[in-house]
Amino acid sequence: MRDLIFPPGFLWGAATAAHQVEGDNANSDWWDWERRPGTPCREPSGAACDHYRRFADDVALLAALGFNTYRFSVEWARIEPAEGTFDGAQLDHYRRVVEAVSAQGLIPMVTLNHFTLPRWVAARGGWRDPLTPTRFERYCRRAVTALGEEVAWYCTVNEPGVVAFGGYLGALGFPPGSRDVASWKRAIGGLVEAHRRASSTIRELRPGARVGATHALQEWEANAGGRPVVEYLRRLNEDVFLAACADDDFIGVQTYTRVRVDAPEVVAPLLRRALATPRMEALLVPWVVRFETSRAAGVAARGRARATQMGYEFRPEAVAATIRRVAALFPGKAIVVTEHGVATDDDTERVEFIVRGLSAIHALIEGGVPIRGYIHWSLLDNFEWARGYAMRFGLVAVDRRTQQRTVRPSARILGEVARAGRLQVPTPEPHAPSGGRGPRDRAGGKVLANLRKL
Ligand code: FCB
């Protein structure tokens, strides 16, 4: 056996998001969406994990397990339930959450927007409305002021690419369910602007805090025919947001799997040309999305590889591929794995996912990549958006009837790794692939330079 030793001060955490765990988030767009006939939601979020009332016990449990960080989100729909009306009791509530987290010796990492919007913002067009970034900035100012000085890490917007692609291009069954390229691009613009405004507001109010966004990044693979699609999706789902984060203090990396796109080679030049022609793009993209999402969900399940409950390929090392790319785009910038996890009913799989993921991450740290933390998704089994409660991502199981928490072995194992700052793994066979290092993406600088022109 050998010890993989992680740097001092490494953040070891678990994450949640307000709507997925708190319960009764009744002023939000998702609350309505879950009830609207015709949406793909499997079930409503309801009382979720009742974390709104049980947060103190939940964070005490996290601390007792050995972790040092809790990433959670504060809920805009609670804090500003009607335009311009800020609810002081809700601001106090989140202040108490921060206090409870700090009192347990945990570092609070706060996400200001994790997918949900207040109903009134959604009614005005959500992220498509040019005024939404200004409204978001105003909310951030109130929230950050109320949360106090202890919050050292802020994530502005969670996975803006998923919000835009999943909701405004209709790819993941998220609200508002529009399906056109124009809505999608407007939402992308709104989310980029929201991040810019929120981060400068946080810097002004809390100059000592570290500010970033958390990005859904895929390990993409394609054959020659699929490459134009991958380049297109990566540009609009990932790179446009990364480019807007060049001045951030850290990049939050969230990678769950590898996505492969194959197409006959003969179509590649046609696809490339069509995707660069606005009229063709508008016709083609919704079709590409429908094809890709239905196919992606079944890829692993159809036997190409081992599948998770989400239908994703079981690929814990995908996170190393995306970190390598981020490190090449932003040499020297701090990277935090702000989510990494697996939906499974077999906790030994979760342990394997963690150990393989951490081993790949450690190899990158040894190679000099400034990775500052590993935050597992999720602390609790919770409401997995349109997929409902059947997806089990928790280190801690939650009985939905009694709300009883049961600590899984994976929680104890990761907690012990966190406490010790080291992971024991079998010594690799001589000449075995390291699984971590690889050629750097030398095109990184060019990618960013081009994106800034967008
Ligand atoms: C991420 C989301 C998080 C959770 C995990 C499984 O995309 O940020 O809320 O749903 O996926």
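Two helix axes count as roughly parallel when the angle between their N-to-C directions is under 35 degrees. This criterion is applied at the first stop of the tour, in what is a predicted model.

**First stop: helices H10 and H11**

Select residues 227-243, which form helix H10, together with residues 268-275, which form helix H11. Their axes come within 8 Å and cross at roughly 25°. H10 and H11 are therefore roughly parallel to each other.

Next, display the side chains where the two helices meet. On the H10 side, select Arg227, Pro228, Val229, Glu231 and Tyr232. Their counterparts in H11 are Ala268, Leu271, Arg272 and Leu275. Colouring this contact by residue class gives six nonpolar and three charged residues, with no polar ones.

**Second stop: the ligand and its surroundings**

Now select the ligand and show the residues around it: Gln20, His114, Phe115, Asn158, Glu159, Gln254, Tyr256, Glu339, Trp377, Glu384, Trp385 and Phe393. Which classes make up this shell? Five of the residues are nonpolar, four are polar and three are charged.

A polar side-chain atom of Glu384 is placed 2.6 Å from a ligand oxygen atom. For Gln20, a polar side-chain atom lies 2.8 Å from an oxygen atom of the ligand. Asn158 likewise has a polar side-chain atom at 2.9 Å from a ligand oxygen.

How much of its area does the protein bury? Taken alone, the ligand exposes 300 Å², and the protein buries 92% of that.

Note on methods. Residues numbered from 1 in each chain as written. Predicted model: local features only at pLDDT ≥ 70, side-chain atom pairs only at ≥ 80, totals over all residues. Heavy atoms only, no water. Near = heavy atom within 4 Å. Polar contact = N/O pair within 3.5 Å; in protein donor to acceptor, adjacent residues only side chain to side chain. Areas by Shrake-Rupley, 256 points an atom, 1.4 Å probe, with all protein chains shown as cover. Nonpolar A, V, L, I, M, F, W, Y, C, P; charged D, E, K, R; others polar. Axes fitted to C-alpha atoms, helices over the stretch in contact; angles between N-to-C directions. Helix = DSSP H or I, 4+ residues; strand = E, 2+ residues; numbered from the N terminus. Parallel < 35°, antiparallel > 145°, perpendicular 65-115°, else oblique. Contact = heavy atoms within 4.5 Å.
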